[in-house]
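Here is a friendly briefing on the model shown below. Take a moment to look it over before you read on.

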Amino acid sequence: MTAARSETEALRPPLADTPARRAILAGLKRRPRIRGALIALAAIVLVVLLLPLLASQDPYDLASFSVMDSRLPPGSESMDGMTFWLGTDSQGRDMLSAILYGMRISLLVGLASTALSLAIGVTVGVVAAVLGGRVEALLMRLVDFILGFPTILVALVMLAVIGRGVDKVIIAIVVVQWANYARIMRSAALGERAKEYVEAAYNLAYPQRRVMFRHIMPNSLNAVLVIATVHVASAITLEATLSFLGVGVPVTQPSLGLLVASGFDYLMSGDYWISFYPGIALLALIFSLNFVGDRLRTALDPKRA
Amino acid sequence: MTGDRPPVLEVRNLQTVFHDLRGAWPAVNGLSLTLHEGEVLGLVGESGSGKTVAGFSILGLVDRPGEITRGEVIFRGRDLLALSPEAQRQLRGSALAMIFQDPLTTLNPVLTIGEQMAEAILEHARVAAAEVRRRCIDSLRRVGITSPETRLSQYPHEFSGGMRQRVAIAIALLNSPDLIIADEPTTALDVTIQGQIIAEMQALQRETGTAMIWITHDLGVVAELADRIAVMYAGDIVEIGATDDVLDRPRHPYTRGLLNSVPGDTARGERLRQIDGTAPPLSARPTGCAFHPRCDRATDICRRVEPPDTAGPAGRRWRCHHPLPEAAA
Amino acid sequence: MIDDAILDIEGLGRSFTRQPLLAERLLGLLGRRPEIPMARAVRSVDLSIRRAEVLGLVGESGCGKSTLGRMITGITRPTAGRIRYKGAGVDEMPPAVRRGFTLGVQMIFQDPYASLNPRQRVGDILAEPLRVHRLAQGEPAIRARVDAALAEVGLDPSYRQRYPHQFSGGQRQRIGIARALIVEPELLVCDEPVAALDVSIQAQVINLFLDLRARRALTYLFISHDLSVVHHVADRVAIMYLGQIVELAPAAELFADPAHPYTRMLLAEIPSVRNRKRRFHAVKGELPSPLHPPPGCAFHPRCPSAMARCRTEAPALRAIGPGRTVSCHLFADERGPQ
């Protein structure tokens with residue numbers, strides 16, 4: 001045994017970690033653009049988590065605000081001496097607090113719907129790619145069918161059927177989004193399936209399920225994850241649109257979209273802040289998510305590795 | 001063969017480094033060689049030896065993160081590296097040509113063969129369309145492509161791998177270059193096709209007197225094709241000389257190791273006399289002689305001091321503190 | 001059939017084709033179905049692999065040797081013919097026995113960069129077959145077998161923590177060999193195992209094969225396009241061209257006295273360090289595509305000895321000496337012990 005060892009490369013350590021891995025981390029530290037985007041995102045998430053401390057008012061607690069304070073411009077003071085930094089809406093809610101809570105809803109919807117869609121879409125994609133034949137044909141026709149409809153239309157119909165609420169909105173988004181991931185996952189999985197380590201897995205008589213989920217799936221996820229980071233933003237946009245149209249979250253738990261919608265009627269009379277600031281917040285959230293997603297896509301590009 | 005005419009190419013002390021987050025690592029470490037008219041030099045090395053980078057550096061085709069940091073490439077009396085990029089570009093494709101390894105990616109898939117060949121001519125001279133066509137057909141015929149007139153209007157995907165490589169050679173020959181650098185041109189091809197292409201290159205080279213540097217890892221190919229052989233390891237030429245001399249009487253242990261690694265001399269079924277270990281990565285070049293960790297003749301001086309370039313008769317050179325004795329095979 | 005054969009194949013074939021398109025099906029209904037392209041990667045191969053031998057399989061790209069290797073390993077299903085493993089027909093095997101065949105014939109792949117799961121640590125790659133098939137009980141036993149497997153191919157046991165990308169091509173190939181050996185196979189099918197490696201690393205891996213063969217009394221099917229490597233390691237050599245075996249002989253005899261014109265061409269074309277400044281003579285023709293094989297003998301367009309008969313009639317595999325068979329009309333009148 002030892003004789004064989006001394007003649008081979010056992011004495012030399014294997015090659016160092018690929019520069020790519022370290023380069024990505026170092027690059028993240030050094031490149032201000034990614035840093036800026038990550039900081040923005042982290043700030044938002046942090047704020048979102050810490051808002052009970054920051055918000056001077058709980059916008060869900062109907063007792064904490066009064067109609068007497070409605071439509072006050074930014075910087076005004078309330079009866080009890082609290083400053084409405086961004087003004088109030090038609091109900092008397094502090095806009096800043098409403099925005100902070102609203103972002104939580106938006107982020108929750110974005111992340112939850114993307115995570116669920118990923119889970120479903122990725123499974124369907126891998127199963128279709130590996131099993132092939134009729135199963136694949138059936139699943140892919142279903143995917144084509146769903147993708148053939150405009151997203152908003154499907155969501156509207158769904159919400160009309162199942163009603164309003166944050167959880168219902170998530171379901172509606174998932175029903176449409178999973179198909180995207182299924183399609184991408186399927187082509188990535190088809191590519192991986194042809195590789196020799198998968199042939200080796202079959203050669204070692206591993207059951208089909210193991211080959212699908214322990215071998216092919218993890219290696220096909222790259223393409224999908226990159227799309228997912230961008231889709232979080234589009235899920236948020238979708239929710240905002242649905243809420244704006246009045247079929248999304250309930251009025252008592254406003255998301256950013258709903259806040260924008262509620263201020264729409266007052267734009268013309270000069271009370272811009274009710275729509276404007278939530279809009280800005282929405283923009284900032286989506287922009288940062290897209291930005292980081294874009295940078296992550298470049299960083300994860302296998303050709304760089 | 002060498003005679004009184006000045007050499008076509010003289011490379012002096014060429015150094016090319018690659019930059020990464022941690023520093024600049026030499027891929028070509030002070031390379032010097034000479035090439036005369038009509039001569040074929042085989043540049044032999046394994047992955048990590050720097051042979052491909054050397055080929056590109058001689059042509060000045062090194063992009064970031066690589067950088068040529070030192071040395072001169074004297075081509076027909078002028079230092080290529082000191083010329084302006086425009087002047088370099090003029091030379092490349094006319095007097096200096098390169099043939100690359102992968103026939104699938106060498107040709108532009110959206111242009112016909114005729115268009116690509118015409119481009120190669122017209123970039124360097126003003127030639128009438130009829131003359132351009134004539135030269136293209138001529139060139140294709142010379143590399144053994146039948147019915148060249150029809151082939152001109154075809155696209156690369158309509159050719160097989162071997163044919164595509166032939167077209168690449170035809171393009172290289174269009175402007176009657178003085179020097180061709182071929183980087184593993186037959187490695188991706190089957191043995192029988194490889195044989196055909198080498199035969200054709202040999203015939204063409206003899207006919208036109210073009211000097212050639214043939215970069216490869218295949219000792220068998222250079223044995224049959226090259227007039228001189230240069231063996232590269234970790235960015236240096238460790239041995240150079242006439243083919244017969246280097247292959248029958250190697251002076252450097254690495255050359256001998258390479259020769260032993262190929263089944264041929266060893267009896268069937270017997271273990272080959274392998275070289276232990278692997279080539280060092282760019283960023284971890286051993287001190288002293290780069291080959292010392294794998295050499296069975298290494299002593300203390302090999303670990304500390306880089307071996308000098310020792311010259312023998314008739315242009316024979318090697319870099320080793322303990323070269324193999326002359327009589328050994 | 002040879003008695004101590006570990007594996008027999010009879011008439012084995014594999015074709016690749018596609019399903020007819022809707023338009024083609026419609027035309028078929030009208031009685032004018034157009035021809036659907038079919039590539040016969042492997043036509044009809046009869047072969048026996050004897051226990052403890054090294055059988056070399058040589059051919060150029062497109063000859064079907066890789067496909068044949070994958071059918072023998074059980075990765076690809078044949079479309080024609082039968083395989084018998086240790087005397088039993090593979091198609092008739094019940095699932096449990098069939099699994100013994102799949103595990104008993106392991107493949108070493110060509111591309112060291114694609115043959116290992118990039119997301120698994122080396123230790124897990126090697127332990128997985130033991131866990132899935134319960135070949136070892138308990139973590140300590142599994143760990144011991146993994147360490148032993150690594151040591152056997154000359155790698156340090158601490159490497160089990162690392163990922164494949166941290167290794168060089170030669171090391172990855174060793175890991176692939178360790179993975180194949182850990183299930184204690186009887187037959188190793190090596191599909192161009194050293195083609196992607198540098199010459200000096202090739203020598204290391206070839207030596208590893210020779211050591212393993214001596215130590216474990218394994219049987220090998222060694223597929224390669226490199227005749228000089230095959231000559232060095234093989235006992236018998238089969239030459240393949242366009243999906244068929246055209247010659248089969250003991251290695252020494254094949255190289256000393258090749259019969260088939262294609263074998264002669266291959267041998268003449270291999271560049272060798274011994275030959276100096278040989279004037280290459282151009283050999284005519286390109287490799288035909290398996291979609292459009294030439295009629296008669298598949299080699300006739302490139303054969304220097306082609307006769308009229310070769311254009312129309314495909315030659316059969318005939319014995320021309322003890323253990324030597326050839327498929328060529330030049331030997332049509334040879335008789336010999338089968």
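Two residues are in contact when they have heavy atoms within 4.5 Å of each other. With that cut-off, residues 24 or more positions apart account for 66% of the contacts in chain C with a separation of 6 or more. Please keep in mind that this is a predicted model. The points below go through chain C and then chain B.

**Chain C as a whole**

- Chain C contains 11 helices and 12 strands.
- What radius of gyration would a compact globule of 338 residues have? The value would be near 20 Å, and chain C, with its 338 residues, has 22 Å, which agrees.
- Of the 338 residues in chain C, 57% are buried.
- Its accessible surface is about 14100 Å², and carbon and sulfur atoms hold 53% of that area.

**A sheet in chain C**

- In which order do the four strands of the open sheet in chain C stand? The order is S2-S1-S4-S5, and the pairing is antiparallel.
- Strand S2 (38–50) and strand S5 (88–89) of chain C are the edge strands, and each of them pairs on one side only.
- Two bridges join S5(C) to strand S4 (residues 80–85) of chain C, in the antiparallel sense.
- To find this pairing in the picture, look for Arg84(C), whose bridge partner in S5(C) is Gly89(C).
- Helix H2 (residues 65–73) of chain C lies across strand S1 (5–17), S2 and S4 of chain C. The helix runs at about 120° to S1(C).

**Chain B as a whole**

- Chain B has 12 helices and 12 strands.
- A compact globule of 329 residues would have a radius of gyration near 20 Å; chain B has 329 residues and a value of 21 Å, which agrees.
- The box filled by the C-alpha atoms of chain B is roughly 65 × 50 × 45 Å, taken along the principal axes.
- Among the 329 residues of chain B, 55% count as buried.
- For contacts in chain B with a separation of 6 or more, 64% come from residues 24 or more positions apart.
- Chain B has an accessible surface of about 13600 Å², with 51% belonging to carbon and sulfur atoms.

**A sheet in chain B**

- Eight strands of chain B form an open sheet with mixed pairing, in the order S6-S7-S8-S3-S9-S10-S12-S11.
- Which strands are the edge strands of this sheet? They are strand S6 (96–99) and strand S11 (309–311) of chain B, each pairing on one side only.
- On average, neighbouring strands of this sheet are turned by 20° against each other, direction ignored.
- S11(B) pairs with strand S12 (residues 317–319) of chain B over three bridges, in the antiparallel sense.
- Within S12(B), Arg317(B) is the residue opposite Ala311(B).

**Helices across the chain B sheet**

- Helix H8 (residues 191–208) of chain B lies across strand S3 (40–44), S6 and strand S8 (211–216) of chain B, and runs at about 160° to S8(B).
- Helix H11 (residues 253–261) of chain B lies across S3, strand S9 (228–233) and strand S10 (236–242) of chain B. Its angle to S9(B) is about 100°.

Note on methods:
Residues are numbered from 1 along each chain as its sequence is written. Chains are lettered from A and ligands numbered from 1 in the order in which they are written. This is a predicted model: local features need pLDDT of at least 70, side-chain atom pairs count only at pLDDT 80 or more; totals for chains, interfaces and linings use all residues. Side-chain values use heavy atoms; hydrogens and water are left out. Two strands pair if DSSP finds at least two bridges between them. Axes are lines fitted to C-alpha atoms, for helices over the stretch in contact, and angles run from 0 to 180 degrees between N-to-C directions. The radius of gyration is taken over C-alpha atoms; the globule rule is 2.2 Å times the number of residues to the power 0.38. Buried means under 20% relative accessible area, exposed over 50%, partly exposed in between (1.4 Å probe, protein chains only). Accessible areas come from the Shrake-Rupley method with a 1.4 Å probe; for residues, only the protein chains shown count as cover.
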